[in-house]
Amino acid sequence: MHISVAKFGGSENVLTVEIASDLLLKDLKAVIEAESDFGIKAEDMSLFYEGKVLQDDNKTLEQCKFNDYDLVTCQRTRSADGLNQGANMAPRQNANSRDPRQLFEMLRSNPEMFQQVRQSSPQLADAIQRGDFDTFMQHVTAQSPEMQQRMELERLATLDPFDPEVQRRIHDIINMQNVQENMEHAVEHAPEVFGHVVMLYINCKVNGHVVKAFVDSGAQMTIMSQACAERCGIMRLVDRRFSGIAKGVGTQKILGRIHLAQLEIEKHYFATSLSVLEDQPMDMLLGLDMLRRHQCVLDLHKNVLRIANAVETSFLSESDLPTHAKLSGNLPDDIEDNELIKSADNHHQQNRSEQTATTSSTSSTFSEDSIKHITKSGFTREQAIDELKTTNGDATRALVSLMTKSLSMPKRKR
């Protein structure tokens with residue numbers, strides 16, 4: 001029979017071994033030691049199957065009720081000396097904080113950390129006090145969407161692989177994991193993609209009146225709202241024979257066309273034609289007809305609009321934009337309620353917090369002892385400072401929180 005083996009908190013690679021079903025559990029451990037790169041000796045190895053530790057090494061694989069290609073997880077067991085020292089032994093500095101079993105034993109052996117867990121999660125503390133690792137994992141998994149997905153994949157792997165519903169569910173979970181990984185990669189390497197882009201507006205004058213014009217190379221024609229045309233005193237020039245309907249994202253009624261108007265930019269005058277729309281939120285939009293006619297260049301490096309290689313005018317900052325064009329406080333309700341965008345914004349804010357912590361780490365308001373108390377368990381200084389901020393400087397709570405967040409289970413090979 002074939003057994004798939006993964007290591008808690010280690011490589012995500014899954015080892016598949018071929019072994020006779022009448023061999024003992026200790027024989028399986030020996031095979032894992034010989035064929036894997038886990039670095040765990042057979043006598044120091046604990047195996048877990050369906051969330052439970054396999055304790056009797058003299059049982060056969062058939063007695064353990066293994067099926068072909070079942071998945072087991074392994075981890076290093078504490079040595080006898082470590083167990084004899086009991087609860088008075090402090091956690092090893094190089095302990096793998098991503099190992100659920102290691103965290104479980106650490107919380108059991110550290111009264112101070114255990115009390116912090118009891119305050120925040122009494123049910124979790126009860127499971128730790130009883131030594132019930134299965135219940136402990138259930139509570140931790142319930143708080144970790146990533147672990148829920150991975151355990152769901154493990155459950156689905158035991159069902160009929162040809163069931164269309166099982167295949168659909170596996171596909172959905174794997175696809176969501178890929179999306180999440182892609183998003184995390186973007187947060188790490190291109191955080192700017194989660195920022196807001198300020199639209200391109202310039203200051204200009206029409207008939208002596210100041211207008212904030214939107215520069216849009218994707219629009220076919222230059223347009224102006226009826227309200228702006230009335231404010232600029234040029235409605236009398238509208239040729240209503242050119243009325244119609246403007247189609248784009250939506251539709252707008254075109255009242256007519258002004259065949260020639262003078263546009264003043266940086267004390268230079270440029271001729272343009274305007275289509276006047278009845279109900280248009282922006283005052284004016286400079287379309288491709290005007291941009292082509294005057295050979296305009298959108299120089300985003302210098303943040304200017306260059307006209308005929310002779311005139312440059314700067315694009316407006318967000319604070320100078322018209323009210324309807326400002327991003328803050330003007331998102332539609334359906335976008336504000338979108339969970340994916342909320343999630344992206346949360347990741348962006350978290351990334352900004354981490355960047356802030358990085359730049360201010362040398363002048364942290366927290367004591368070095370508190371920071372070292374966390375970093376010696378394998379976390380970075382920036383993670384320590386960031387978590388200390390959320391726990392008001394409580395180093396023990398910060399360490400427990402980071403350890404819980406960092407828990408992961410091995411992915412099934414696919």
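**Entry 1**

I started with Arg-168, which is partly exposed at 41% relative accessibility. I was working in a predicted model. The side chain of Arg-168 meets that of Glu-165 in a salt bridge, 2.5 Å from N to O. Glu-165 is partly exposed too, with a relative accessible area of 46%. I then checked where the two residues sit. Both belong to helix α8 (residues 164–189), three residues apart, about one turn of the helix. An α-helix has 3.6 residues a turn, so residues three or four places apart point the same way.

**Entry 2: salt bridges across the chain**

I looked up how many salt bridges there are, and the count is 10. One of them joins Lys-29 and Asp-57, at 3.0 Å from N to O. Is Lys-29 buried or exposed? I found Lys-29 buried, at 5% relative accessibility. Asp-57 is partly exposed, with a relative accessible area of 26%.

Next I took Arg-231 and Asp-283. Their closest N and O atoms are 2.9 Å apart, and they form a salt bridge. This pair links distant parts of the chain, 52 residues apart. Arg-231 is in helix α9 (residues 226–232), while Asp-283 is in the loop between β11 (268–277) and β12 (284–286). Both ends are partly exposed: Arg-231 has 41% relative accessibility, and Asp-283 has 24%.

I also noted a network of salt bridges that links Asp-299, Lys-302, Arg-306 and Glu-312.

**Entry 3: aromatic pairs**

I counted three aromatic pairs. Among them are Phe-48 and Phe-133, with ring centres 5.9 Å apart and planes at 45°, so I call this pair tilted. Phe-48 lies in strand β3 (residues 45–49) and Phe-133 in helix α6 (residues 133–142), 85 residues apart. Phe-48 is buried at 4% relative accessibility, and Phe-133 is buried at 6%.

How are the rings of Tyr-49 and Phe-66 arranged? Their centres are 4.7 Å apart and their planes stand at 85°, so the pair is edge-to-face. Tyr-49 is in strand β3 and Phe-66 in the loop between β4 and β5, so the pair ties together parts 17 residues apart in sequence. Tyr-49 and Phe-66 are both buried.

Arg-257 lies over the face of Phe-242, 5.9 Å from the ring centre.

**Entry 4: the two faces of α13**

I turned to helix α13 (residues 368–375). Its buried residues are Ser-370, Ile-371 and Ile-374. These cover an arc of only 95° around the axis, which puts them on the same side of α13. Which exposed residues sit on the face turned away from the buried side? I found Asp-369 and Lys-372 there.

**Entry 5: positive phi in loops**

Last, I looked at backbone angles. Glu-266 is not a glycine, yet its phi is positive, about 50°. Glu-266 sits in the loop between β10 (251–265) and β11. Glu-266 is partly exposed, at 46% relative accessibility. Ala-308 is not a glycine either, and has a positive phi of about 55°. I placed Ala-308 in the loop between β14 (304–307) and β15 (311–314). With a relative accessible area of 39%, Ala-308 is partly exposed.

Conventions. Residues are numbered from 1 along each chain as its sequence is written. This is a predicted model: local features need pLDDT of at least 70, side-chain atom pairs count only at pLDDT 80 or more; totals for chains, interfaces and linings use all residues. Side-chain values use heavy atoms; hydrogens and water are left out. A salt bridge is a side-chain nitrogen of Lys or Arg within 4 Å of a carboxyl oxygen of Asp or Glu. Buried means under 20% relative accessible area, exposed over 50%, partly exposed in between (1.4 Å probe, protein chains only). Helices (H or I, at least four residues) and strands (E, at least two) are DSSP runs, numbered from the N terminus. The arc is that of the directions from the helix axis to the C-beta atoms. Rings of Phe, Tyr and Trp (its six-membered ring) pair if their centres lie within 6.5 Å; planes under 30 degrees apart count as stacked, over 60 as edge-to-face and the rest as tilted. A charge sits over a ring if NZ of Lys or CZ of Arg is within 6 Å of the ring centre and within 35 degrees of the ring normal.
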